[in-house]
Amino acid sequence: RCTMKEESKLWRLLRQNTPNISWTRLESWASPGVPDCLGYNNNCGFFMCELKVTKTHKVSFSPHQKLFHLTRPKRNFILLKTLDPLSIKLYESAAILGLLTDHREARCLALDDWSHIERLLLSLKPDA
């Protein structure tokens with residue numbers, strides 16, 4: 001399991017590389033399962049993003065996180081930083097089941113491209 005320090009680094013990268021999004025970091029202890037970050041942009045409204053870091057091919061999620069992503073698949077995302085090899089991947093919530101078994105087999109929306117990640121986060125309308 002990766003440390004909170006690694007997740008904090010990913011949080012800083014997300015904020016630095018998505019300047020058109022206003023981010024709020026949420027406290028997970030207050031509401032189990034709710035993603036780590038609340039994003040907002042005037043054009044697309046609110047969306048959420050779970051931050052995950054892994055050293056292995058499997059990504060661990062709590063039962064509350066699994067339930068959240070499976071029951072709220074629209075406008076929610078998972079941003080994954082893999083440490084071996086180093087990469088940043090963006091996934092839709094619906095990809096959570098694949099991430100639990102092997103993130104290499106789950107279809108990511110974007111890979112190692114922050115401008116593309118930002119465009120994808122901003123591209124979907126709230127009712128999409």
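Mentor: Start with contact, which means heavy atoms within 4.5 Å. This is a predicted model: local features need pLDDT of at least 70, side-chain atom pairs count only at pLDDT 80 or more, and totals for chains, interfaces and linings use all residues. Residues are numbered from 1 along each chain as its sequence is written, and side-chain values use heavy atoms, with hydrogens and water left out.

Trainee: Which residues does Trp-23 touch, not counting residues up to four places away in sequence?

Mentor: Its partners include Trp-11, Leu-14, Phe-47, Cys-49 and Leu-121.

Trainee: What makes a set of residues a nonpolar core?

Mentor: The members are buried Ala, Val, Leu, Ile, Met, Phe, Trp, Tyr and Cys residues, joined through side-chain atoms within 4.5 Å. Buried means under 20% relative accessible area; exposed is over 50%, and partly exposed lies in between (1.4 Å probe, protein chains only). The largest such core here has 21 residues, and Trp-23 and Leu-79 have the most contacts inside it. Helix H4 (114-123) gives the largest share, five residues. Another core, of nine residues, lies apart from it and has Phe-61 and Leu-80 among its members.

Trainee: Why is strand E4 called largely enclosed?

Mentor: Seven of the eight residues of E4 (residues 76-83) are buried, so the rest of the structure largely encloses this strand. Strands here are DSSP runs of E with at least two residues; helices are runs of H or I with at least four; both are numbered from the N terminus.

Trainee: How do you know that E4 pairs with strand E3 (residues 45-54)?

Mentor: Pairing takes at least two DSSP bridges between two strands. E3 and E4 have seven, in the parallel sense. Lys-52 stands opposite Leu-80 there. On strand E5 (residues 86-92), seven bridges again join E4, this time antiparallel. A hairpin of two residues links E4 to E5.

Trainee: What makes the β-α-β unit right-handed?

Mentor: Point the strands away from you: in a right-handed crossover, the path from the first strand over the helix to the second runs clockwise. E3, helix H2 (residues 63-71) and E4 make such a unit.

Trainee: And the whole protein: how many helices and strands?

Mentor: Four helices and six strands.

Trainee: Why is the protein called as compact as a globular one of its length?

Mentor: The globule rule is 2.2 Å times the number of residues to the power 0.38, and the radius of gyration is taken over C-alpha atoms. For 128 residues the rule gives 14 Å; the protein has 13 Å, which is close, so the label holds.
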